[in-house]
Amino acid sequence: LLQDAHNSSVLNDDVLGAFLQSGHVAGLSRPVEIQFWHDTVLDASNATCVFWQPGASAGDTGSWSSDGCETTHREGTVICHCNHLTYFAVLLIPVGALSPSQLASLTHISTIGCSLSSAATFCTLLLCCFSSTPCPPTSCRQRLRDNTTRIHMHLLAALLLLNCSFLLSTPVAAGAKGLCQVTAALLHASLLCALAWMATEAFHLFLLLVKVYNVYIQHYLLKLCLFAWGLPTLAVVAVFIFKRDTYGYHAISTPEGYRNTTIVLSARCWLTSRPAHYATLCYAGLILLFNAVVLGRVVTILRRMQQQKREARKDWVTVLGLTCLLGTTWGLAFFSFGIFLIPQLYLFTILNSLQG
């Protein structure tokens, strides 16, 4: 009884009913005051006064609504002022749920950050193309060092593709379904490729700083390209051909207050399948775990070097710069729960949109 479709939780499970025998009372010039006492930590963002609005049809159970009610908070007390009589309660929303203003600000941050990253990566790619002067390799380790700039350029290209496809995903969402699916597939492929090139950066860093002996890998860069460009692209193309509905229109919405409705803030062309979403998370998790292990090993080596020579400080700065190339900040995606949700979303959006 008095449970809506969202299974909304009520403060202390207290519901107060107030009626007059004379009939329905509404539109009062002086609102009635109802006080609910509690011993929990509440504020205006996660508790509000509501009343029960019965459903219009026999199959509609009804929902909680805040129309005609105002909420004020005192220490240990929630005070409701409502201009009608019915069943009243204080409805709770889980801590960390996003408000429309927060979602809007995150959208603006990601748009600005991805735009800046796109410009920066494009300019850096141009600089790398015009300033690269290949030198004849003299050893296996020299070959590895010569490939470092090329690997950086591939990662920059993947990030540029990722940022551009992300920026396109919003305007294209208002167009044709087929174009939206193509854009979503492009965004998915660019994300997988960018993560793969981050793993490639970690592997290359492992060969440069961790391996003691010289390692020669025939067609080294070609094999890295097949791994980082080929495998993700092949997987996305296969999904697009055999299960195209995996990609499409994805609405970003938030509950409208505490009612049984939602408002759509924006929409993008993205994954529409939960299994595909979870598979992408697992893929990212494995890559970030590998990158974290390699980075930890490199840090251990540099701590030993720091005790031997002063130049190790320069190596420390280099590794700190490589942390963004290894995509360590993408690991924040796995902390989107509970009280960490809102701070994590802002950190994730700011750091990763500016990665380029």
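**Sheet, spans and ring contacts**

User: How many bridges join β3 to strand β7?
Analyst: β7 covers residues 77-82 and runs antiparallel to β3. Strands (E, at least two residues) and helices (H or I, at least four) are DSSP runs, numbered from the N terminus. Two strands pair if DSSP finds at least two bridges between them. Here the bridges joining β3 to β7 number 6.

User: What kind of model is this?
Analyst: Residues count from 1 along each chain as its sequence is written, and side-chain values use heavy atoms, without hydrogens or water. Local features need pLDDT of at least 70, side-chain atom pairs count only at pLDDT 80 or more, and totals for chains, interfaces and linings use all residues, since this is a predicted model.

User: In what order do the 3 strands form the open sheet?
Analyst: The pairing is antiparallel. Two strands pair on one side only, β3 (32-37) and β6 (69-74), and these are the edges. The order is β3-β7-β6.

User: Which residue of β7 does Val32 stand opposite?
Analyst: β7 has two partners to check. Val32 stands opposite Cys82.

User: Which residue in the turn of the β6 and β7 hairpin has a positive phi?
Analyst: β6 and β7 pair in the antiparallel sense over 6 bridges. The hairpin leaves 2 residues between them. Phi is about 75° at Gly76.

User: How many of the 6 residues of β7 are buried?
Analyst: Buried means under 20% relative accessible area, exposed over 50%, and partly exposed in between (1.4 Å probe, protein chains only). β7 is largely enclosed by the rest of the structure, because its buried residues number 5 of the 6.

User: How far does the backbone nitrogen of Asp67 lie from a polar atom of the side chain of Ser65?
Analyst: Ser65 is in strand β5 (residues 63-65). Ser65 is buried, at 2% relative accessible area. From its side chain to the backbone nitrogen of Asp67 is 3.3 Å.

User: How far apart are the end C-alpha atoms of residues 186-209?
Analyst: An unreviewed UniProt entry annotates several transmembrane regions, including 186-209 and 276-295; such annotations may be inferred rather than shown by experiment. Residues 276-295 are 100% helix, with end C-alpha atoms 28 Å apart. Residues 186-209 are also 100% helix, and their ends are separated by 34 Å.

User: Why is the pair of Phe19 and Tyr87 called edge-to-face?
Analyst: Rings of Phe, Tyr and Trp (its six-membered ring) pair with centres within 6.5 Å; planes under 30 degrees apart are stacked, over 60 edge-to-face, the rest tilted. The whole structure has 6 aromatic pairs. In this one the centres are 5.2 Å apart, and the pair is edge-to-face because the planes stand at 75°.

User: How many residues apart in sequence are the parts that Phe19 and Tyr87 tie together?
Analyst: Phe19 is exposed at 52%, while Tyr87 is partly exposed at 37%. Phe19 lies in the loop between β2 (16-17) and β3, and Tyr87 in strand β8 (residues 87-92), so the pair ties together parts whose separation in sequence is 68 residues.

User: Over which ring does the charged end of Arg268 sit?
Analyst: A charge sits over a ring if NZ of Lys or CZ of Arg is within 6 Å of the ring centre and within 35 degrees of the ring normal. The charged end of Arg268 is 4.1 Å from the centre of the ring of Phe166.

Note on methods: Polar contact = N/O pair within 3.5 Å; in protein donor to acceptor, adjacent residues only side chain to side chain.
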